[in-house]
Amino acid sequence: YGDHRDLHLSLRRQRSDVYKRQQNIKVFDYWSTYIGLNENDRYLIVNPFFHTFGYKAGWLASVMRGVTAYPCPVFDADKIIQIINKEKISMLTGYDYSMAKIIDNSGIDVILVGDSASNVMAGHETTLPITLDQIIYHASSVVRGVNRALVVVDLPFGSYQSNSGEALRSAIRIMKESGAHAVKMEGGEEIKESIIRILNAGIPVMGHLGLTPQSIYKFGTYTVRAKEEEEAKRLIEDAKLLDELGCFGVVLEKIPAKISKKVTSSVSCPVIGIGAGSDVDGQVLVTHDLVGLSTEFNPRFLRRYVDLNEIMTNAIKSYIKDVKNLDFPNENEQY
Ligand code: KIV
């Protein structure tokens, strides 16, 4: 059919249909835009090539958008679960519209509106001062910048510890006022009732165990947790409990790799680590640390991918110099 037509075999009706190629490209370009398919996606194509949906929404869309396709010739639930299980989850923090947009467009799976905003956005020493109103402000800014990632929001210190009624009200406010998809809470057995009530209200909950910065004044230091057998045992029990209650994931912060490996093999929900080794289902970092915007925080688990502090400082110095030297604005930069 030359350049402008595709032959499409419909097996069900045992006959051939002829489609105009331009039609298909236009429709599935629109479809890809609508579902937000882009080159950062990994696309599991279960429908075979000769099936209309597998061909157009699968292969055609993948080629047009530069998506990484994972072909699966026939439906095999075990094989599909294996492929999904092998893929690690990427998670980063986000606190504002512009940064969230960059992170989302880069293809991240989950954006956490962490209470670490208290440190990196507001300059507090701990995560304790951030309020529910403030986290909602950050979360709603992030949600406006995100098209595809899952947005999880920390319940701040003091918004859920008193009782389960308060916890539920705080979680509802976050969901209602920010438009985020889920909440995260620090703790295990001691917040069980709150988790149950929040889950019963239809709000997905992510747990957080190990180093829980909201309890820093109980621990006294930010050193590695669960090194002692007793604490490790309690952590594993807490992780199992969160999993049984129905949490959709658990963050493990700063614990020995062998303990997080044990947790990961003991629970069915994904385990996301920060300073918890590689035998987990995914990794999370504070974005400001990863891009070098925060300079004083240098734990062993942190990998800095760029030194934005230096890049920005140099850019700002150049701007100051240009203003002082009357180089900015030039002829083309004015009306
Ligand atoms: O608030 C935060 O950024 C977090 C991550 C460190 C997991 O809880």
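Guide: What follows covers the ligand site and then some aromatic pairs.

Visitor: Ground rules before we start?

Guide: This is a predicted model, in which local features need pLDDT of at least 70 and side-chain atom pairs count only at pLDDT 80 or more, while totals for chains, interfaces and linings use all residues. Residues are numbered from 1 along each chain as its sequence is written, and side-chain values use heavy atoms, with hydrogens and water left out.

Visitor: Which residues are around the ligand?

Guide: Thr 93, Leu 112, Gly 114, Asp 115, Ser 116, Asp 154, Lys 184, His 208, Val 251, Glu 253, Ile 274 and Val 286. Each has a heavy atom within 4 Å of the ligand.

Visitor: How does that shell split by class?

Guide: Four residues are nonpolar, four polar and four charged. Nonpolar covers Ala, Val, Leu, Ile, Met, Phe, Trp, Tyr, Cys and Pro; charged covers Asp, Glu, Lys and Arg; the others, Gly among them, are polar.

Visitor: How far is the side chain of Ser 116 from a ligand oxygen?

Guide: An N or O atom of that side chain is 2.5 Å from an oxygen atom of the ligand. For Asp 115, a polar side-chain atom is 2.9 Å from a ligand oxygen, and for Asp 154 the distance is 3.1 Å.

Visitor: And how much of the ligand does the protein bury?

Guide: The protein buries 95% of the 260 Å² that the ligand exposes when taken alone, by the Shrake-Rupley method with a 1.4 Å probe.

Visitor: Changing topic: how many aromatic pairs are there?

Guide: A search of the whole structure finds four, counting Phe, Tyr and Trp (its six-membered ring) with ring centres within 6.5 Å. One of them is Phe 297 with Phe 301, with centres 6.3 Å apart and planes at 70°, so that pair is edge-to-face (over 60 degrees; under 30 is stacked, the rest tilted).

Terms used: Polar contact = N/O pair within 3.5 Å; in protein donor to acceptor, adjacent residues only side chain to side chain.
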